[in-house]
Amino acid sequence: MSARAEAAPLREAGGLRSMADFYLTTMRLAVQEQFQYRTANYFYMFGMIAEPVIYLVVWTTIADQQGGSVQGLSAGYFAAYYIVWTLVRNMNIVFGAPFWEHRIREGDLNKDLLRPMLPLHYDIAYFAGWKVVVIVLWIPLAIGLSLVFDPLLDPRPLEIAVFAVAIWGAYLIRTMFQESLGMLCFWTTRGAAIFDLWMTTELLLSGRLVPLPLMPDWVQEVSRFLPFQWAFFFPIESLVGDLSNEELIRGLGIQLLWTLIGLAIFRIAWKHAVKRYSAVGG
Amino acid sequence: MNELQYRVNFVVQLFQSAIALVVGLLVLALVYSHTDELNGWSEAELLCVLGIQILMGGAIRTYIQPNMMRLIDDVREGKLDYALTKPEDSQLLVSVREVRIWQVVDLISGTVVLAVGLSRITTDVGILDALAFGAALVFGAVMIYCFWLVIATGAFWIVNMWHAVELFDGIFQTGRWPVGIYPGWLRYSVTFLVPIAFAVTVPAQAVTSRLQWQTLALAALFAVVLLGFTRWFWRFGLRNYTGASA
Amino acid sequence: MTGAAVHVAELEKVFDVPEREGGLRAAAKGLVRRRTREVRAVDGVSFGIEPGEIVGFLGPNGAGKTTTLKMLSGLLYPTGGEARVLGHVPSKREKAFLRRITLVMGNRNQLQWDLPALDSFELNRAIYRIPREAFVPTRDELIELLEVGDLVRKPVRQLSLGERMKVEIVGSLLHQPQVLFLDEPTIGLDVTMQKRIRSFVAEYNRRHGATVLLTSHYMADVQALCKRVIVIHHGSILFDGPLAGLADQFAAWKTIGVALENGQIDLGRYGEVLHRDGDWVTLRVPKAETSLVAARLLAEQSVLDLTIEEPPIEDVIELVFAQERAP
């Protein structure tokens, strides 16, 4: 039996298949765990609808005051926009930068560093599983809001398909950039200020505040070169707005592009972060 | 808390308040780039509303919320008994023992915004309006205090009241806009269920000379009723709590 | 595979710890100019471990044991010297390396908190890419060895500290690592649980020939498991050899206990009198003279009973720790 010590390391299953196996296993775990917390999850989602409902009411009021629409956008559009907003907002919640500080401080990072795998995979997979639970919990919420606010929603099949993919694209983009931002925690404990600035810029440029066409032209121009709107405005607009087939597909492509850019940034930042952590200790 | 921590908290609060204020102003500007008035309120008047909302938020987070959150924690961890053995009235004690002084930043910035808004209003603010404003603020603050204490008292029965805190912050945002724009059911909720309208809109109405005396009278009445109910509910919860613990 | 499982040469870890005095003025000064102090957590340590050995690292808190282990598992970069584990350089953190080792830290959770341990085992299976045919028997064997069959279906948060430690160990061995780093595995556990875990490690080593590096400040852990012990203090190795040799090097004496008919007799000329309890006297005697003194006692005194004992290991260890440098 002691010959095992000299035996070759365990034969591994193929790379891609193992990854898929890992993702599915982790997602399943996340669904199980988060389902246990469904009340807490519901409370959180419920508390979150105050923001979009307020905006919804403000803009529909303006629309009504001005004979039905603001800059071509009808009250029904605003209702649809902000209801779909609630789902996209939830898909945007990822393992954020502030959590990294907690992870480092609590010594959990050691456990992740011992695994033969980038912690990023675990974060993505776990939160993806969580999002599945969130989506299921969201549906009754959406129905309730629709009954109250009368949205204008009549999507084509392609729009629905693109939306279903785009919300995950949004999730990935946000994950990449937030994880990259979180790397700052390895160098400073005062990262909170930078996160706040980032979040505020994101708030203003992503379409979270208002549909982008309502922003001044120069803001829309700037936003086009940043990832924010592709994680927020685009998914909503794909379902609620009137984008052409070409624009829909192109949007998905841009989402992919931003995801890859974010991933590249993360990998570089992570390499430096691990070096720093291993020099200074946990 | 030592001196350095106080300073850090102040700086952090300044930063966060500054950002929040800028965002608030930007939203206002954005809304008014598409319209001249919202539900009869002009931009300057809505600036006053914003100022009052920030001011009131600062007051809540300085004096009310810290006490209520500590109360919820104490109940959950069984530490409330210390407060109950003191000679002072328990309700008074749990309501005033905590202060988060750095939140005062919002009190100041809110007042500044209000002043700027007032300076741009066309109608003059008379003595009567100012008095009504002061009274409305007091009534509103009292009602928010009562609301919070009732929620915190709920912690005697429901262990997980923390979610309530998060919910409140979100709902309090409704105070940024005149309560008249909200559909009926929502309007009544943020008036009588969570008395935000009384805390923000009514004082704003006073200061923009559109307050009707009936509304102010209702505010006074409601404040008194709420105080009474809150007192009763607190004693009720306390009896329950002390009866249950060994 | 021939060659050492672990090879360490002049390994060093130096930390730059910021010097901080109290008060506001010092804090402000600290913003401009950082004064740092060098802490040599591990100061030129060398040793080699053969495959299948169980080696104990003994040392008080802060001696450098955990730091050494972290360097060997890739969590910390050494500031000097060289380390190789199974032929890999740990700080490179190659995937192949990480799949062949495991680090278990006492009092730390690596399993999912709210789910049964079985689910966490599945996760580890996926992370380490363990083929099903190998995973199931390994898992079942470990569960049986540690007797946790009825515990693995309960959420981990419902388990006691000792039970949690056992399922943690199962989870950490599923990928059949060839080197086990155990950092204070019995800390905070009750005596029965400590014994259980010790016997498990011994059995595991016997069955699978895995190399084990164990740190502890419990003497009993080391005594039960390790033929070889490395004593570390202030970042340096004070002793590296068989446990029995520890006493020889640091405490070359034995204790003789005699029960006399007349307990009042002064035995000072036989050796140092440690203790007198009625008719029972305890003497400390240089190791080399033990038999001689014992013989004299038996011949010259009316002895009812006589025992000879090794110095208690705890005392030896205290002596060792009291030293600042190796002799």
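Colleague: At what angle do helix H8 and helix H12 of chain A pack?

Modeller: In this predicted model, local features need pLDDT of at least 70, side-chain atom pairs count only at pLDDT 80 or more, and totals for chains, interfaces and linings use all residues. Residues are numbered from 1 along each chain as its sequence is written, while chains are lettered from A and ligands numbered from 1 in the order in which they are written. The axes of H8 (residues 157–182) and H12 (residues 233–240) of chain A are 8 Å apart, and the angle is about 170 degrees.

Colleague: Is H8(A) roughly parallel or roughly antiparallel to H12(A)?

Modeller: Angles under 35 degrees count as roughly parallel, over 145 as roughly antiparallel, 65 to 115 as roughly perpendicular and the rest as oblique. The angle here is about 170 degrees, and therefore H8(A) is, relative to H12(A), roughly antiparallel.

Colleague: Which residues of H12(A) meet H8(A)?

Modeller: Contact requires C-beta atoms, placed from the backbone, to lie within 7 Å. From H8(A) come residues including A:Phe163 and A:Ile167. Their counterparts in H12(A) are A:Phe234, A:Pro235, A:Ser238 and A:Leu239.

Colleague: Which strands are at the edges of the open sheet in chain C?

Modeller: The sheet has 4 strands in the order S11-S12-S10-S13, with antiparallel pairing; two strands pair if DSSP finds at least two bridges between them. Each edge strand pairs on one side only, and these are S11 (272–277) and S13 (303–309) of chain C.

Colleague: What is the bridge partner of C:Glu272 in S12(C)?

Modeller: S11(C) and S12 (residues 280–286) of chain C pair in the antiparallel sense over 5 bridges. The partner of C:Glu272 in S12(C) is C:Arg284.

Conventions: Axes are lines fitted to C-alpha atoms, for helices over the stretch in contact, and angles run from 0 to 180 degrees between N-to-C directions. Helices (H or I, at least four residues) and strands (E, at least two) are DSSP runs, numbered from the N terminus. Two residues are in contact if their C-beta atoms, placed from the backbone, lie within 7 Å.
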